[in-house]
Amino acid sequence: MIYTWNELTQKEGSRYLLENLISKGRYKKISHGLYSDGDSNELEELFARYPKATLTMQSAFEYYELSNYIPEKYYIVTPRNHCVITNDKVDQSYANSEVINIGRIEADTKYGHIYIYDLERMLIELFRMKNKLPRDYYLEVISSYRELFINEAISSYKLSEYCKHFKNGLSILRNIQEVFA
């Protein structure tokens with residue numbers, strides 16, 4: 001697991017004890033201000049460094065196994081006033097404060113502790129960004145969502161509530177209903 005300096009100081013009780021544990025190898029420094037008590041990976045480090053980031057688009061579709069495509073970058077959305085993430089493996093986009101947290105959930109994964117949008121929010125994102133996605137990719141994800149609708153894993157109530165917060169949300173909701181009717 002990855003910790004910040006402040007989290008470890010609180011966990012261990014004092015700065016002196018923490019520095020002692022670091023020198024003995026219990027925690028290892030992985031980058032400025034971040035420490036690990038074991039193995040860590042890029043995605044876990046990314047979310048430890050940028051806790052306001054949320055996994056979205058191709059990365060989220062891959063996480064939910066809605067697509068066989070494994071993206072070369074991590075697709076992350078952050079608030080508009082957030083700093084620029086200068087990592088070559090990150091494709092960062094920004095969202096308004098009114099919609100950034102809609103459908104945002106916390107997940108403990110094989111990649112560590114991350115934030116990701118739920119299935120309903122990702123369906124809205126799919127329809128919002130469909131013109132920017134390759135057609136075959138879009139159709140693959142739609143096909144996977146069709147299975148989720150059949151199994152009633154998608155909440156129509158959540159979809160309609162989420163759409164209320166988006167500019168042209170009613171249009172997005174109508175498009176979703178047309179595709180899955």
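Mentor: Strand 6 gives the largest share of the lining of the largest pocket, with 5 residues. Before going further, please note that this is a predicted model, in which local features need pLDDT of at least 70 and side-chain atom pairs count only at pLDDT 80 or more, while totals for chains, interfaces and linings use all residues. Residues are numbered from 1 along each chain as its sequence is written, and side-chain values use heavy atoms, with hydrogens and water left out.

A pocket here is an open set of points on a 1 Å grid over the protein atoms alone, with protein on both sides within 12 Å along at least five of seven lines, and its lining residues have an atom within 4 Å of a point. The largest pocket has a volume of about 640 Å³, where the volume is the space filled by probe spheres (1.4 Å probe) set on points joined across faces, edges and corners. Its lining comprises 28 residues, and those nearest its centre are S93, Y94, E125, R128 and M129. Two or more lining residues come from each of helix 4, strand 5 (74–79), strand 6 (90–95) and helix 5. These elements are DSSP runs numbered from the N terminus, helices being H or I over at least four residues and strands being E over at least two; the protein has 8 helices and 8 strands.

Helix 4 and helix 5 lead us to the part I would like you to study, helix 6. Helix 4 (57–63), helix 5 (119–128) and helix 8 (169–180) are among what covers the buried residues of helix 6. Buried means under 20% relative accessible area, exposed over 50%, and partly exposed in between, with a 1.4 Å probe and protein chains only. The buried residues of helix 6 are Y137, Y138, V141, I142, Y145 and L148. Seen down the helix axis, these buried residues fall within an arc of 130°, so they line one face of helix 6; the arc is taken from the directions that run from the axis to the C-beta atoms. The face turned away from that buried side carries the exposed residues R135, D136 and I150.

The length of helix 6 can be checked as well. The expected span of a helix is 1.5 Å times one less than its number of residues, so the 16 residues of helix 6 (residues 135–150) should span 22 Å, and the 23 Å between its end C-alpha atoms agrees with this.

Now follow the chain out of helix 6. Just after this helix, E152 takes a positive phi of about 55°, in the loop between helix 6 and helix 7 (156–163). Most residues other than glycine have a negative phi. With a relative accessible area of 69%, E152 counts as exposed. In the loop between helix 7 and helix 8 you will find N168, which also has a positive phi, of about 50°, although it is not a glycine. At 52% relative accessible area, N168 is exposed.

Conventions:
Contact = heavy atoms within 4.5 Å.
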